Amino acid sequence: MYKLTYNSPFGVISFIHDKNVLYEVILPGQRPAGCFSCEELDEAGFPQLEKQLEDYFNKREKTFTIELAFDGTSDFTREVLLELKKISLGELTTYKELSLKLKGKSYYSRAVGNAVGKNPLPLVIPCHRVVKTDGSLGGFSSGVELKRKILSFEGYRF
């Protein structure tokens, strides 16, 4: 396993990978969730990811298409994360909308919210594009202020 450190407009982001598959994204203010400490990993490039990051930060790319690992996630969480991956730049959805889309019932909203909160690949799987039904931001693993900055960067106006 390797890490790619990227200086973004939001601060330093670390990407844990094996040069072909992305395993974890560590945003500013987050601690690694995986079994490796970032300090233990060698820095290594991941050209496909680096190109997509440049495209994203220059607003030329709406989604990431690299291969992703979902190690340690439940089937339900994986289902939610794959649905999140479909949310393009400039789009928002709500926990309730995700619940209705995935299970046909709104009372799964809390379970969907918990699955969204377990996203090991934030930014790449855009959990920041999920808001509460009332339009408020809801939570975010790296804090609501970073969520606000990312959404502002993507063009969302509050």
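**Aromatic pairs, salt bridges and a buried histidine**

At 30% relative accessibility, Tyr 108 counts as partly exposed, a class that lies between buried (under 20% relative accessible area) and exposed (over 50%), as computed with a 1.4 Å probe on protein chains only. The model is a predicted one, in which local features need pLDDT of at least 70 and side-chain atom pairs count only at pLDDT 80 or more, whereas totals for chains, interfaces and linings use all residues. Residues are numbered from 1 along each chain as its sequence is written, and side-chain values use heavy atoms, with hydrogens and water left out.

Rings of Phe, Tyr and Trp (its six-membered ring) were paired if their centres lie within 6.5 Å; planes under 30 degrees apart count as stacked, over 60 as edge-to-face and the rest as tilted. Tyr 107 and Tyr 108 make a stacked pair, at 5.0 Å centre to centre and 25° between the planes.

Turning to charged pairs, the structure holds eight salt bridges, each defined as a side-chain nitrogen of Lys or Arg within 4 Å of a carboxyl oxygen of Asp or Glu. Among them is the bridge between Lys 103 and Glu 79, whose closest N and O atoms are 3.6 Å apart. This pair connects distant parts of the chain, 24 residues apart: Lys 103 belongs to helix H3 (residues 95-103) and Glu 79 to helix H2 (residues 75-84). Helices (H or I, at least four residues) and strands (E, at least two) are DSSP runs, numbered from the N terminus. Lys 103 is partly exposed at 34%, and Glu 79 is partly exposed at 30%.

The bridge between Glu 83 and Lys 86 has its closest N and O atoms 3.2 Å apart. Glu 83 is buried at 11% relative accessibility, while Lys 86 is exposed at 57%. Arg 148 and Glu 145 form a further bridge, with 3.6 Å between the closest N and O atoms. These two residues lie three apart in helix H5 (residues 144-153), so about one helical turn separates them. Salt bridges with shared partners also join Lys 51, Asp 55 and Arg 60 into one network.

Finally, His 128 is found in the loop between helix H4 (109-117) and strand E7 (130-131). His 128 is buried, with a relative accessible area of 0%. Beyond its neighbours within four places in sequence, His 128 is in contact with several residues, including Tyr 56, Phe 140, Lys 147 and Glu 154, where contact means heavy atoms within 4.5 Å.
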